[in-house]
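Colleague: Hi, could you walk me through this one? I'd like to start with the annotated residues.

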Amino acid sequence: MIIEHYVSLKPFNTFGIDAQATTFVTIHSEKGLTKALSNYKNPFIFGGGSNMLLTKNIENPVFWIQLKGISIERETDDHVWITAAAGENWHEFVQFCLEKGYGGLENLSLIPGNVGATPIQNIGAYGVEIKDVMAYCQTINIHSITQKQFSKDECKFSYRESIFKCEEKGNYIITSVTFKLTKKNHILHTEYGAIREILEQKNIKNPQPIDISKAVISIRESKLPNPKEIGNSGSFFKNPVVSKIHFEKLQKIYPQMPHYVVNEESTKIPAGWLIETCGLKGYRRGDAGVHQKQALVLVNYGNATGQELVELSKFIQQTVYNKFQIHLESEVNIIQ
């Protein structure tokens with residue numbers, strides 16, 4: 001455990017917002033985490049800093065979770081249960097699994113952040129979400145400083161939501177996550193985005209998980225900016241789900257509108273398409289802007305404040321609502 005004071009959080013969040021932590025505690029072990037929880041109350045938990053937008057300095061003690069380690073819990077002929085500590089880089093962990101020949105995480109390649117944040121957000125991409133591959137996660141209760149294991153069902157996963165964002169928000173710190181992955185007979189998801197198109201271009205007829213990963217990386221790199229080059233947090237808004245009746249009304253006006261049927265009563269519409277159709281792709285206010293290649297991504301061109309990005313997001317929400325009567329919900333956690 002390392003304790004520092006008045007630390008700039010700019011290097012620690014992917015938006016590159018220059019907020020300050022009054023107290024910054026770097027934690028490398030569960031023992032250190034337990035000690036920190038005994039010494040500090042109401043901590044602000046920091047991992048990879050990839051799914052948050054800071055709008056102010058953080059007065060609460062900031063815990064930077066740097067727990068490391070990957071281990072196999074058990075395996076059968078078909079499956080392996082593999083655990084990664086919360087501070088492991090997510091993409092590096094995905095690649096580690098793929099190099100071992102394990103399948104299940106390939107569609108989630110190149111998503112920024114650390115392992116510990118993945119269940120909180122129920123991250124997902126190209127037809128796969130954490131709920132599809134997670135077995136359980138280990139946590140520490142912030143108040144009682146006791147350990148608790150959450151099964152997949154106990155996490156109450158839904159679209160970009162979990163128990164850790166809702167009723168148990170601020171009560172637990174995830175210390176590790178265990179995934180159930182395939183060793184053979186992999187279930188591959190190639191139906192989303194341009195995955196299948198890329199595989200066909202490369203004449204890959206019997207793809208393996210690593211092939212899916214390479215396709216996903218290619219797609220993401222072509223559309224999404226690298227946070228190391230320009231501040232961003234990936235997709236800023238959730239893809240909205242609307243009623244079938246509302247969708248059918250819009251489809252008469254916009255027959256080209258992309259969509260995904262959720263069930264008989266609901267349809268999901270890509271938020272990026274809605275924003276782009278409003279003419280906001282590439283829109284910019286000072287250093288706060290909408291990415292030129294992907295309208296779903298808000299970017300910090302250098303010195304934007306968190307509040308300036310919040311104001312931009314509100315403008316986008318209002319513009320989309322005025323045109324489509326659809327409210328866009330933020331996927332990024334806005335710290336206000």
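Predicted model: local features only at pLDDT ≥ 70, side-chain atom pairs only at ≥ 80, totals over all residues.

Colleague: Which residues does UniProt list for "active site"?

Modeller: The unreviewed entry lists R160, S235 and E331; positions are in the numbering used here, feature names are shortened, and annotations may be inferred rather than shown by experiment. They are spread over 172 residues of sequence, yet cluster in space, with a largest C-alpha distance of 11.2 Å.

Colleague: And E331, what is it in contact with?

Modeller: Leaving aside neighbours within four places in sequence, its contacts (heavy atoms within 4.5 Å) include R160, S235 and K165.

Colleague: Is E331 buried or exposed?

Modeller: E331 counts as buried, at 11% relative accessibility. Buried means under 20% relative accessible area, exposed over 50%, and partly exposed in between, with a 1.4 Å probe and protein chains only. S235, at 25%, counts as partly exposed.

Colleague: Switching topic: where does S235 lie?

Modeller: In strand β13; strands here are DSSP runs of E with at least two residues, helices are H or I with at least four, and both are numbered from the N terminus.

Colleague: What is the strand order in that open sheet?

Modeller: The order is β13-β19-β18-β17, with antiparallel pairing, where a pair needs at least two DSSP bridges. β13 and β17 each have a single partner strand, so one side of each lacks a neighbour in the sheet.

Conventions:
Residues numbered from 1 in each chain as written. Heavy atoms only, no water.
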